[in-house]
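Welcome! Please take a moment with the sequence and the 3D view below, and then we can walk through the side chains together.

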Amino acid sequence: MRVFSAAFLFVPLLSGAQVSVQEYPIPGDLHAHDVWADAAPGGPVYFSAQRSGHLGILDPKTGKVETVALGRGSSPHGVVMGPEGMVWLTDGGQNAIVRVDPRSSPAARQVKVWELPADAGYMNLNTATFDGKGVHWFTGQSGIYGRLDPRTGEMKLFESPKGRGPYGIHHTPDGTVYYASLAGSFIGKINSNGTTTVIEPPTKGQGARRVWSDSKGNVWVAEWNSGQLSRYEPKTGKWAQWKAPGSSPRVYAVYVDESDKVWASEWNAQVMLRFDPATEKFETFKSSSSSANVRQIHGRKGEVWTPESAASKLVVYRYR
């Protein structure tokens with residue numbers, strides 16, 4: 001375990017009078033890839049330290065960063081909290097699912113590793129979520145998705161339709177899991193038997209990268225190739241698309257906050273976007289860094305957190 005102390009900085013925003021921003025520097029050797037904020041106000045913020053093979057834990061009150069080593073060769077990508085309060089990581093370096101118990105002693109964090117079957121090969125593990133029954137679902141860009149039952153340790157892998165590409169994954173309020181295929185340009189609904197129902201967005205070759213559900217169960221999609229933010233309504237089968245602002249936008253990540261405002265990271269202009277479905281208007285927030293490379297977005301009531309992987313910092317947007 002390593003603990004770092006760091007100053008943190010308040011930065012004015014270019015737009016959005018009701019939004020403030022605060023930056024938390026982190027050690028440069030960590031490379032924060034994905035981020036997950038504990039739901040408790042002021043609680044810890046977890047991130048996958050991809051380069052160093054750690055789980056990072058930020059205390060927003062003090063700016064201190066603790067790191068937990070995940071294992072030999074570790075290179076984690078995604079990070080989520082499970083319903084039991086554990087922190088889970090998809091670890092491409094170990095080709096494994098890793099769980100850290102944040103309730104265990106800081107001096108000896110409990111780490112458990114579930115390796116993928118030896119005959120599975122390298123899966124390029126990406127992101128994970130939990131369904132309505134507490135089962136852990138994950139994606140692998142090499143062309144698989146899988147499930148791990150935390151209660152039994154049983155793991156199953158499934159071949160994704162169209163092969164390579166499974167990327168972002170999330171669940172709706174009723175526990176249904178959807179994932180995005182970047183290379184396959186579709187979103188997939190995972191059925192009760194583990195198979196995938198392929199759902200094609202209207203724009204061909206759009207490069208669906210990440211997905212997130214709103215409170216109504218609609219699935220929002222970050223389209224990398226088309227530069228669009230799109231919405232799929234499972235109840236009606238309807239789609240809607242909105243082009244992100246700017247020239248040749250690239251929409252990487254998407255997150256829906258508690259008021260159903262949609263946040264997205266756009267890589268060409270290196271900005272954060274907030275979209276209001278009621279007005280169909282975007283707000284733009286510019287990072288203080290020339291290159292931020294926000295790869296995932298998460299939040300809790302009144303806050304949206306981002307990892308600026310190219311700038312060695314975590315950033316929080318606070319709003320009313």
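**A walk through the side chains**

Arg-151 forms a salt bridge with Asp-149, with 3.0 Å between the closest N and O atoms; a salt bridge here is a side-chain nitrogen of Lys or Arg within 4 Å of a carboxyl oxygen of Asp or Glu. Arg-151 is exposed, at 60% relative accessible area, whereas Asp-149 is buried, at 9%. Buried means under 20% relative accessible area, exposed means over 50%, and partly exposed is in between, using a 1.4 Å probe and protein chains only.

Before going on, please note that this is a predicted model, in which local features need pLDDT of at least 70 and side-chain atom pairs count only at pLDDT 80 or more, while totals for chains, interfaces and linings use all residues. Residues are numbered from 1 along each chain as its sequence is written, and side-chain values use heavy atoms, leaving out hydrogens and water.

In the whole structure, a search finds twelve salt bridges. One of them joins Lys-313 and Glu-23, at 3.0 Å from N to O. This pair links distant parts of the chain, since Lys-313 is in strand S30 (residues 313–319) and Glu-23 in strand S3 (residues 19–25), 290 residues apart. Strands (E, at least two residues) and helices (H or I, at least four) are DSSP runs, numbered from the N terminus. Both Lys-313 and Glu-23 are buried. Another salt bridge brings together Asp-260 and Lys-216, at 3.2 Å from N to O. Asp-260 is buried, with a relative accessible area of 12%, but Lys-216 is exposed, at 56%. Through shared partners, salt bridges also join Glu-23, Glu-308 and Lys-313 into one network.

Let us turn to the rings. The whole structure holds 23 aromatic pairs. Tyr-179 and Phe-186 form an edge-to-face pair, 6.2 Å centre to centre with 70° between the planes. Rings of Phe, Tyr and Trp (its six-membered ring) pair if their centres lie within 6.5 Å; planes under 30 degrees apart count as stacked, over 60 as edge-to-face and the rest as tilted. Trp-224 and Tyr-252 also pair edge-to-face, at 5.7 Å and 85°. Trp-224 lies in the loop between strand S21 (219–223) and strand S22 (228–233) and Tyr-252 in strand S24 (residues 251–256), so this pair ties together parts that are 28 residues apart in sequence. The charged end of Arg-209 sits over the ring of Tyr-252, 3.9 Å from its centre; this needs NZ of Lys or CZ of Arg within 6 Å of the ring centre and within 35 degrees of the ring normal.

Finally, look at the largest nonpolar core, which has 59 residues. Such a core is a set of buried Ala, Val, Leu, Ile, Met, Phe, Trp, Tyr and Cys residues joined through side-chain atoms within 4.5 Å. Leu-55, Trp-88, Trp-220, Trp-263, Ile-297 and Tyr-317 touch the most other members. S24 supplies the largest share of this core, six residues. Apart from it lies another core, of 14 residues, including Tyr-24 and Trp-305.
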